[in-house]
Amino acid sequence: MTIKDLAVASGVSVTTVSQILNGKGDRFSEETKHRVAELQKKLGYVPDFNARNLIMKSARTIGVLVPDIANAFFSMFIKGIQDAAQKNKFVPIIFDANDTKQLQSYLEELIQRAADGLIIASATIDRNAVDTILKRNGIPYLLFDQNAVSEGDRVRIDDEAGGKMAANYLLEHNHERVTIVAPENPTENVSHRIGGFKQAFEKAGKPLSNEAFVYSEASKAGGYAAVSQVIAKRPSAVFTTSDEIAIGIYRGLQEQGYTIPEDISVIGYDDIDLATYITPKLTTVHQPAFEMGQAATELLINRLNNRQLPPQIRELPIRLVERESVRQLSK
């Protein structure tokens, strides 16, 4: 089925059909537009992607790079991107990219496919990649969780406040022997979580030393692998910088015969859906992952529609979600 076949069936020219299908049919009657639309559905005509790009001068695609599609936080983040993109008639192209070589390959692929803009949550991006690949090609982008690049449009979460929330909750429950499980080379947002957590303990007159840290990958497997080090520090509570790490900690502790929270309390960060399905349910700091994806997409589309906009900042709230994984200690 071609556009010519649809034009013949509709009794109008190919140009008329093309303009109607590409949203430029205002000068045609409602009857003509309705007839073309109905016949398109009936005959199963799908516009040629490349030809449509030439007419519209836009692929209406958004490239999305995340470090781990399997991570529940990023799965929800992507759902938010898809929701906002669909409402604005854009199509997201999603890649899992967590090393520099892979990232560069995907960036080049997205440029070749004429992506209108990019949302990048991969920690491996650096200023050189942005300058040489994206800026030189005039492609708007929005970055998450980055150490090297901070200017431009941003969806902002107060991770420092989130770290303080977690610390103050543990302090209110009289936990002073605390272990922090975090990546050794944290992204900017995770650094802020750790910083806020440490500040709260310092303010309470109970500063944490470097001995309070155990380093792991930001994953369930990383948390699981770190359990022996956690146990060796004999904490009353563990703060993990992501729920993914916390879930790994859960399994490792339980396999070693420890009970949560009776033996060791655990508090996480992100509030992924699995937090309510593990036993006991995980106390954590809630991040609005779905809304973050929506906001990132909306800001990027705003930028595509007006390249001269000043930097856009969208701030979203966080909150502590109290469940069952932290117990009250006696003073």
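Which residues do ring pairs link into a cluster? They are Phe73, Phe74, Phe77 and Phe144, where rings of Phe, Tyr and Trp (its six-membered ring) pair if their centres lie within 6.5 Å. This is a predicted model, in which local features need pLDDT of at least 70 and side-chain atom pairs count only at pLDDT 80 or more, while totals for chains, interfaces and linings use all residues. Residues are numbered from 1 along each chain as its sequence is written, and side-chain values use heavy atoms, with hydrogens and water left out.

**Aromatic pairs**

- The structure holds seven aromatic pairs, and planes under 30 degrees apart count as stacked, over 60 as edge-to-face and the rest as tilted.
- Phenylalanine 73 and phenylalanine 74 form an edge-to-face pair, because their ring centres lie 5.3 Å apart and their planes stand at 85°.
- Both phenylalanine 73 and phenylalanine 74 are buried, where buried means under 20% relative accessible area, exposed over 50%, and partly exposed in between (1.4 Å probe, protein chains only).
- Phenylalanine 213 and tyrosine 215 make a stacked pair, with 6.0 Å from centre to centre and 15° between the planes.
- Within that pair, phenylalanine 213 is buried at a relative accessible area of 11%, whereas tyrosine 215 is partly exposed at 41%.

**Helices α2 and α3**

- Helices (H or I, at least four residues) and strands (E, at least two) are DSSP runs, numbered from the N terminus.
- The axes of α2 (residues 14-21) and α3 (residues 30-43) come within 10 Å and cross at roughly 85°, the axes being lines fitted to C-alpha atoms, for helices over the stretch in contact, with angles from 0 to 180 degrees between N-to-C directions.
- The two helices, α2 and α3, are therefore roughly perpendicular to each other, a term that covers angles of 65 to 115 degrees.
- Thr16, Val17, Ile20 and Leu21 of α2 meet Thr32, Lys33, Val36 and Gln40 of α3, contact meaning heavy atoms within 4.5 Å.

**Helix α9**

- The 16 residues of α9 (residues 188-203) should span 22 Å at 1.5 Å a residue, which agrees with the 22 Å between its end C-alpha atoms; the expected span is 1.5 Å times one less than the number of residues.
- The buried residues of α9, among them Val190, Ile194 and Phe197, pack against elements including α8 (159-172) and β9 (265-270).
- After α9 comes glycine 205, whose phi is positive, near 80°.

Note on methods: Angles under 35 degrees count as roughly parallel, over 145 as roughly antiparallel, 65 to 115 as roughly perpendicular and the rest as oblique.
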